[in-house]
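Subject: Handover of a structure and findings

Dear colleague,

Please find below the structure that I am handing over to you.

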Amino acid sequence: MKELVCNRECTPSEPANKKRKISHKMPKMPSLRSRMSPSGIYQFINNPTNKPSDNQILAIKQMGFEGLLHLQTDTIPGNLAYWLVSTFDPYKGCLLDGSLPILEEDIHACMGIPMGPLVVDEAPIGDKYPQFLSLLEDFKSQYEGDLIDVKVILRKLSTQIDGGDSFKRNFIVYIFSSFLGGVKGNKVSLRILKSLSDTSLISEYNWCNFIKKKLAEQVLSWQKEEFSEEKTVKENWFSGPIMVLVFIYLDRCVCMVRTVSRQYPTLSTWTKKAISKRIQDELKSKSSFGYGSVEGGIVINHKPLPKIELVQSSKPTIVSEQHPMPKKVIPSVLEEEDKDDRDRNNVPTSSQVNNVFVDKLVSKANNMAKAFVEYTSVASEAFNKLPSSEVVCKMVAAVDGIAYGFNLSQQSKSDEENEGKDNEEDHVVHADKVVENVLRDVQENKNVDNVKGKDNVEDHVVDTDKEVE
């Protein structure tokens, strides 16, 4: 048997029987330059010397942005971010050749921010609407100069410990100028103030849809410059919500096995260390990204604690081939038809706006009905104990006048002819009928002055007890 001889000579410091270590070199990939970063909001939430006050945390929860309080990383994975922005289809809004669509529900599940019925509206450049200009002037009065740096707002947030309206507006302007929006440069965009006039409605807006649109717009702009034959800028900075893509990809695209448990919101489980390990695993196995199986999104039940279920599909989508960087030049402009569609989508429908206020109106009307029921009991008791009291009579007459004032519709001629008839039922005000028919005829129109001429004051008591029974 022929003996195998190693021609390589061992050095004195290297034993002959020592096994050589095989090193796994990570492929060199370009890193994304991004103006949007989680570092600022992470610093605000986790500042060891100046943590957010209880009022500030409560304000963030009231606005529906509680998910951001659980952010676990302050850095962007540059190589993964570059690959995601390079392969994202801004027209179809998807990754992995359509296998992974980026939906509003995915953004909500990953970031934990509101997905309400109202459409976020930004003020157009040069908007002269008086209400917006007044709000804009009031906001700028907090700072020096018209152009406000994002770092200045971050410092301002730490001082507004009361968590009032000013804090809420500063918070939204900051996160959409530094983390979740699409701002080119280090100055904040104040156009979003148009949707912040009433801070109690912030949680009712669809911020997920707003982020999705900003993502598509900024990816298209970045790809147009990055893959053009003649670059016009030395450094191509990305100005979109990149961490939204990162978290959705890490959660939905599974490389071999899932190493991080799914939880709402997704950003609460992906730490800096976990993201780094996931990237190393992908690059070691395939030297690139985009391999693995695409799983369904998560369904969130917000009662009372978030529970998460996997949306099971019959067969998971297997991504078997690599998705390389696009080589073709991205179209320079959006089609006018697509732009018009986006503009139309920014206009909230009347039903969306009305639903928010109808709920409040119903709540107030229910409270009013309960108050009338309680009033009936007290008024009846007062008449029994003080039948000849002038004060009681005047009070009942005043309440009757208020009830009659709910009649908003015009009465027909036949109603006017019957105005002088003595019908005791016309004087009985049913509280539940007032609530139910507040936009129709509340009751037969009757002159309140007739109340003074009645002999039996008890007829004027609001008889709601019988109606409730």
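The following paragraphs set out what was found.

This is a predicted model, in which local features need pLDDT of at least 70 and side-chain atom pairs count only at pLDDT 80 or more, while totals for chains, interfaces and linings use all residues. Residues are numbered from 1 along each chain as its sequence is written, and side-chain values use heavy atoms, with hydrogens and water left out.

Buried means under 20% relative accessible area and exposed over 50%, with partly exposed in between (1.4 Å probe, protein chains only). Not counting residues up to four places away in sequence, Trp207 touches several residues (heavy atoms within 4.5 Å), among them Phe65, Ile172 and Leu196.

Leucine 196 is in the loop between helix 7 and helix 8 (207-226) and is buried, with a relative accessible area of 0%. Its C-alpha atom is separated by 9.5 Å from that of phenylalanine 132, although the two are 64 residues apart along the chain. Arg169 is one of the residues that leucine 196 touches, not counting residues up to four places away in sequence.

Arginine 169 lies in helix 7. Arginine 169 is buried yet has no salt bridge (a side-chain nitrogen of Lys or Arg within 4 Å of a carboxyl oxygen of Asp or Glu). The nearest side chain of opposite charge (Lys and Arg count as positive, Asp and Glu as negative; His and the chain ends are not counted) is aspartate 165, 4.8 Å away. A polar atom of the arginine 169 side chain lies 3.0 Å from the backbone oxygen of serine 197.

**Backbone features**

Most residues other than glycine have a negative phi, and most peptide bonds are trans. Aspartate 97, in the loop between strand 1 (94-95) and strand 2 (100-101), has a positive phi of about 55° and is exposed, with a relative accessible area of 68%. Methionine 256 has a positive phi of about 65° and counts as exposed at 64% relative accessibility. A cis peptide bond joins tyrosine 264 and proline 265, with omega about -10°.

Yours sincerely

Notes
Helix = DSSP H or I, 4+ residues; strand = E, 2+ residues; numbered from the N terminus. Polar contact = N/O pair within 3.5 Å; in protein donor to acceptor, adjacent residues only side chain to side chain.
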